[in-house]
Amino acid sequence: MVFLHGFKSDMGGTKAVDLQAWCHQQGRAMLRFDLSGHGQSDGAVEDFGVGDWLEDARELIDVLAPGPQVLVGSSLGGWLALLLARERPGRWAGLVTIAAAPDFTLRMQDEFTDADRAALARDGHVTRPSDYGEDYVFSERLFRQGAEHSVFAAPLALPMPVRFLQGTADADVPMADALRLLDHAEGPDIRLTLVRGADHRFSAPAELALIRDAVAGICAAAG
């Protein structure tokens, strides 16, 4: 199992720790790590972009998790997991995303105000309030690399078993984005589960149980 955390989250988040405990109970190995600028890793989040984090994930997985793996990605981690799955579809035993946020930087730019564009040109970043702590800082590097690593700009073939999990009350990733991802992806075993009332955290006990069940189902489907 490989867990990829979200933007400004880390490997010690509720979902990662809960899944680690489940893997231990099941006798399964799990890899979780902090992307550059997050958690215990060096640097600040705004120093990096999607391409940098994709390289982090690719290199660490190849070194530390050889063999077929189940990718589990939350939010930004879901974007990275989708990119990894598209790059090497035969490498993965399965894929689970939780409130996946592919191309969220492009959606943000579509909604930019004149003030946002001026701030990006002047300061090299824009900010947004966060429900989880200090304001989010979104850098020019993040927007540039996001455009270079778009999921929706190219076909998305996912031949492995895939489970998308999405809350209907997610204020960060609209339900319409999850439906768009389902429509865009191509594969023989892709399912989207919508959870009424679940928000972007997707960390309530019932939601954590759903993540575990999805991963268990993927493992069973993958044999």
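**Reading a predicted model**

Tutor: Happy to! Keep in mind that this is a predicted model. Let us start with Gln166, which sits in strand 8 (residues 162–167).

Student: Is Gln166 buried or exposed?

Tutor: Relative accessibility is the value to look at, and under 20% counts as buried. Gln166 has 2%, so it is buried.

Student: Which residues does Gln166 touch, apart from its neighbours within four places in sequence?

Tutor: Among them are Ala99 and Ala100, then Val173, Pro174 and Met175, and also Leu192, Thr193, Leu194 and Val195. Phe202 and Ala178 belong to the list too.

Student: How far is Gln166 from Gly43?

Tutor: Their C-alpha atoms are 30 Å apart, and 123 residues separate them along the chain.

Student: Where is His38, and what does its side chain reach?

Tutor: His38 is in the loop between strand 2 (31–32) and helix 2 (50–64). A polar atom of the His38 side chain lies 3.1 Å from the backbone oxygen of Ser36. With 1% relative accessibility, His38 counts as buried. Beyond its neighbours within four places in sequence, its contacts are His5, Gly6, Phe7, Lys8, Ser9, Val45 and Trp53.

Student: Lys8 is on that list. What is its phi?

Tutor: Lys8 is not a glycine, yet its phi is positive, at about 60 degrees. Lys8 belongs to the loop between strand 1 (2–4) and helix 1 (14–26), and its 31% relative accessibility makes it partly exposed. Ser75, also not a glycine, has a positive phi of about 55 degrees. The place of Ser75 is the loop between strand 3 (69–74) and helix 3 (76–87), and at 12% relative accessibility Ser75 is buried.

Student: How do helix 1 and helix 8 pack?

Tutor: Read the angle along with the distance between axes. Helix 1 and helix 8 (residues 205–222) meet at about 50 degrees, and their axes are 10 Å apart. The two helices are therefore oblique to each other, and the crossing is right-handed. Helix 1 brings Thr14, Lys15, Asp18, Leu19 and Trp22 to the contact, while helix 8 brings Leu208, Ile211, Arg212, Val215 and Ala216.

Notes: Residues are numbered from 1 along each chain as its sequence is written. This is a predicted model: local features need pLDDT of at least 70, side-chain atom pairs count only at pLDDT 80 or more; totals for chains, interfaces and linings use all residues. Side-chain values use heavy atoms; hydrogens and water are left out. Helices (H or I, at least four residues) and strands (E, at least two) are DSSP runs, numbered from the N terminus. Buried means under 20% relative accessible area, exposed over 50%, partly exposed in between (1.4 Å probe, protein chains only). Contact means heavy atoms within 4.5 Å. A polar contact is a pair of N or O atoms within 3.5 Å; within protein, one must be able to donate a hydrogen and the other to accept it, and residues adjacent in sequence count only if both atoms are side-chain atoms. Axes are lines fitted to C-alpha atoms, for helices over the stretch in contact, and angles run from 0 to 180 degrees between N-to-C directions. Angles under 35 degrees count as roughly parallel, over 145 as roughly antiparallel, 65 to 115 as roughly perpendicular and the rest as oblique. A crossing is left-handed if the near helix is turned anticlockwise from the far one by less than a right angle, and right-handed if clockwise.
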